[in-house]
Amino acid sequence: MRAVGYLNPSLIDDPAALVDIDLPKPEPMGRDILVEVHAVSVNPVDTKVRRAVKPEGGAWKVLGWDAAGTVVATGPQASLFKPGDAVFYSGAFGRSGTNAEFHLVDERIVGKKPVSLDWPQAAALPLTAITAWEALFDRIDVRKAVPGAAPSVLIIGGAGGVGSIAVQLARRLTDLTVIATASRPETQSWVHALGAHRVLDHTKPLAAELASLGLGAPAFVFSTTNTGAHLAEIAQLIAPQGRFALIDDPAALDINAFKRKSVSVHWEFMFTRSMFETSDMGAQGALLNEVADLVDAGKLRTTLGENFGPVNAANLKRAHALVESGRAKGKIVLEGFGPGGR
């Protein structure tokens, strides 16, 4: 089967950073299902792994987590899906990735594909939807009020992949005032269109920007990018007893400034459940099914920003470069493997 991989971590301008390769078609065992991949999307985690992680044993490392495709075979213990089912999902961190024609994934972290979306539109959603959902509803529990705080959530990085779906989830599933950040006219328009009540420019001091709205200190802050640069501002602007979640990897995270406000700090890493095979691992499949229902009901929309064409090394390198630039709007998706087959 066709796939894209690498042998050594490198910068994206290295000719060997991503290479078109041929691999054996895998066979499902246990609770795995085998999916024929029709579309994938690129996430920051793809670029971080490509730069830093050396494959074990000299084998090819295949990246990619988000996918939408058709089930073609199931393992002997699998019972949730059958061949022919259309699915979408984000795979497990320690397994071979979705940048391949066929992919193995544990059925417990898979959801039914939204009927109203095509393959690329569906592939844009899983990793970011899981991340945003878990951050908002499992980690900082935005449905539980903070006494005395303004009933609002500040989403830093509202135009990125996670921010784009977090804005929608907060707007559609809560009564909170949704405040998001974006720095360019096109990304600010994007975030407004997704449902944000207010949009701030995160290149300016956020505490002063927020205060100018006259809404009061927000109960919740969800930072999706550049947390290290904004940490002092977040500590200043968040309400006492507020709840703060982050997903990125700041070089240092000194949370002492949150102590006097008794602010709780929550990490969100959507691979935790599959990595540790937690007892609630199946919650991610259920979550994706609920996202699919919300999409088909017209309450959520895809966050697809650009379609870069077929899955191959050249197109994936372009996608990685744009993600690394920090200027992507929504999600970058690739569709199909072009003509031919193996």
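User: Which residues line the largest cavity?

Analyst: This is a predicted model, in which local features need pLDDT of at least 70 and side-chain atom pairs count only at pLDDT 80 or more, while totals for chains, interfaces and linings use all residues. Residues are numbered from 1 along each chain as its sequence is written, and side-chain values use heavy atoms, with hydrogens and water left out. On a 1 Å grid over the protein atoms alone, a cavity is a set of points where a 1.4 Å probe fits but cannot get out, and lining residues have an atom within 4 Å of a point. The largest cavity is lined by G64, W65, G91, A92, R95, S96, G97, H103, L104 and V105.

User: What is the volume of the largest cavity?

Analyst: A volume is the space filled by probe spheres set on the grid points, which are joined across faces, edges and corners. The search of the whole structure finds one cavity of 30 Å³ or more. The volume of the largest cavity is about 40 Å³.

User: Which element gives the largest share of the lining of the second largest pocket?

Analyst: A pocket is an open set of points with protein on both sides within 12 Å along at least five of seven lines. The second largest pocket holds about 360 Å³ of space, and V62, G94, R95, S96 and G97 lie nearest its centre among its 21 lining residues. The largest share, three residues, is supplied by β7.

User: Which element supplies the largest share of the lining of the largest pocket?

Analyst: The largest pocket has a volume of about 1100 Å³; of its 44 lining residues, P44, K48, T224, T225 and I247 are the closest to its centre. At least two lining residues each come from α1 (44-52), α3, α4 (161-173), α10 (313-325) and β16 (331-335). The largest share, six residues, belongs to α1.

User: Which residues of α1 are buried?

Analyst: Buried means under 20% relative accessible area, exposed over 50%, and partly exposed in between, with a 1.4 Å probe and protein chains only. The cover over the buried residues of α1 includes β1 (2-6), β3 (32-42), β4, α3 and α10. The buried residues in α1 are V45, D46, T47, V49 and R50.

User: Why do the buried residues of α7 line one face of the helix, and within what arc do they fall?

Analyst: Helix α7 (227-237) has T227, H230, L231, I234, A235 and L237 as its buried residues. The face turned away from the buried side carries the exposed residues A229, A232 and Q236. Seen down the helix axis, with directions taken from the axis to the C-beta atoms, the buried residues of α7 line one face because they fall within an arc of 160°.

Methods:
Helix = DSSP H or I, 4+ residues; strand = E, 2+ residues; numbered from the N terminus. Contact = heavy atoms within 4.5 Å.
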